[in-house]
Structure formats: C-alpha cells, structure tokens
Amino acid sequence: MYAPKLRELKEALRSLFSRPYTTKFPKEKYTPPEEYRGFPEYFEEDCVGCGTCYQVCPAGAIEMEDSLEEKKRVLRINYASCIQCGQCEEHCITGKGIRLTSKYVVLIPDLEKKDYYNSIEKELVLCEVCGGEIACRDHLKFVKDRLGAKAYAHPNFLIEAQRNFNEPAESHYKGKIRREDYIKEICPICRHRIVVEDEF
Ligand code: SF4
Ligand code: SF4
C-alpha cells in the first residue's frame, strides 16, 4: 500500500465519525443563512401595481393579467421559472413592493401547487370615456404623492387628491367627447382628443 491510499483511508475514517456536511433536507426543515437569496414575494402595502417588475424579469417568471370587467390587475410570480436574480426588487419603483426573501420551495412537477406562486391584486382605474385602462389606483396615488403640489396640474391626480376628502360625484359620459370631460379620470388618448376635437 502506498502513501495516497493511506491518506484516503484516513479521510474515510474521519468522515465516518464526524458530523455530515450536508443537511437532511427535505426530511428535515432547512433554515437558510441570513444572506440566502430566495424567492421574491409581493408586499401589499408597498406594491402599487405599476408592472415594472413584470417588464424587467429576464426569466419571464412574472405574469401580469388585467381584467377590464373586474377592474383589477393580477401580478403573479411563478417560482418554477424564477432564477432569483433580484432584478424585480432592484427595479421596483417603490423599492419595496417586491422583495427577495429566504423562501425556498422544492420544485416537483405539480404546477398547480399554490406554494409555487406568489401573487398580488390591484384595483385598475379605467378611462371614463373609452373604458381603456389608465393605471392602478395605488400607482396614481403614488405618483400624486411624489409630485406634491405639481400634481394639481393634472386632472387625474387632482381627482385622486380630492379622494382624500370625499369621493368625487359620479359622472357619466354623454356619448360625444366634450370639454367637460376634461375634468374626469380619462386616458391620455381621450384627453388629447378633447383638446383637439372639442370646439372651445
Ligand atoms: S428574481 Fe429575477 S427571475 Fe425571479 S421574479 Fe424577480 S426578476 Fe424574475
Ligand atoms: S410597485 Fe414594485 S412590486 Fe409592485 S408592480 Fe411595481 S415594480 Fe412590481
């Protein structure tokens, strides 16, 4: 027997009587270290539903679905596609709407399992004239707050500011675009049409 064989034997004996380096996961629950970069999650209070995370995700792991009938936007992270790169967190406009957590899941082929997803729902604001989407309610509030007094220059933000005091009276579109529609929650295209088409 030559020297390397002896060394290997020594190693084998040492391993036999020392603690294993690997964990017993999934048999035993694993607690990751603090620096562990796990799957991201949405945070209701801090997400405004802007959709930036959906746009920047390089793996296409975030889905965004807008329902005009239900006036809602759903953002959903699919952990089976997420590569834990952190781009969503880095580009989030509020800086904390989506954050990487120490969460991990064992991905087995059962994509219906709810543990594989994390989602959030936000109210969508629709144009009072054409019914198209403008933005999420929380997103409008967020921009209004960021603009401060400058927000009063835009009717959509003005209406949003009014909501702090009372709910604006219900208004109804009369079928033909008119100057009065300018002071309504409307999309940029309809606002442009009012300026161009209305006979002031
Ligand atoms: S961590 Fe990366 S891959 Fe995962 S959802 Fe965020 S941007 Fe997409
Ligand atoms: S606020 Fe952040 S988490 Fe929410 S949709 Fe926008 S980028 Fe995504």
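Predicted model: local features only at pLDDT ≥ 70, side-chain atom pairs only at ≥ 80, totals over all residues.
Which domains does the domain assignment of the protein chain give? The assignment gives domain 1, covering 31-124, and domain 2, covering 127-197. Between the C-alpha centres of domain 1 and domain 2 there is a distance of 29 Å. Where the domains touch, domain 1 contributes 10 residues to the contact and domain 2 contributes 7 residues. On the side of domain 1 that touches domain 2, strand β5, residues 117-126, gives the most, with 3 residues. That side of domain 1 is made up of 4 nonpolar, 2 polar and 4 charged residues.

Let me turn to the chain as a whole. The protein chain holds 6 helices and 6 strands. Read from the N terminus, its elements follow the order α-β-α-β-β-α-β-β-β-α-α-α. The radius of gyration is 27 Å, well over the 16 Å that the globule rule gives for 200 residues, so the protein chain is more spread out than a compact globule. Taken along the principal axes, the box filled by the C-alpha atoms of the protein chain is roughly 105 × 35 × 30 Å.

I come next to a pair of helices. In general, two packed helices are described by the angle between their axes and the distance between the axes. Here the pair is helix α4, residues 137-147, and helix α5, residues 155-162. Their axes come within 10 Å and cross at roughly 95 degrees. An angle of 65 to 115 degrees counts as roughly perpendicular, and α4 and α5 are therefore roughly perpendicular to each other. From α4, the contact is made by Leu140, Lys141, Val143, Lys144 and Leu147; from α5, by Asn156, Phe157, Glu160 and Ala161.

Finally, the ligands. Which residues are the closest to ligand 1? They are Cys57, Cys82, Cys85, Gln87 and Cys88, among 13 residues that surround ligand 1. The shell around ligand 1 contains 10 nonpolar and 3 polar residues, and no charged ones.

Ligand 2 is surrounded by 14 residues, and the closest are Cys47, Cys50, Cys53, Cys92 and Gly97. In the shell around ligand 2, 9 residues are nonpolar, 5 are polar and none is charged.

Terms used. Residues numbered from 1 in each chain as written. Chains lettered and ligands numbered in written order. Near = placed C-beta within 6 Å. Nonpolar A, V, L, I, M, F, W, Y, C, P; charged D, E, K, R; others polar. Domains from an automatic or database assignment. Contact = placed C-beta atoms within 7 Å. Helix = DSSP H or I, 4+ residues; strand = E, 2+ residues; numbered from the N terminus. Axes fitted to C-alpha atoms, helices over the stretch in contact; angles between N-to-C directions. Parallel < 35°, antiparallel > 145°, perpendicular 65-115°, else oblique. Rg over C-alpha atoms; globule rule 2.2 N^0.38 Å.
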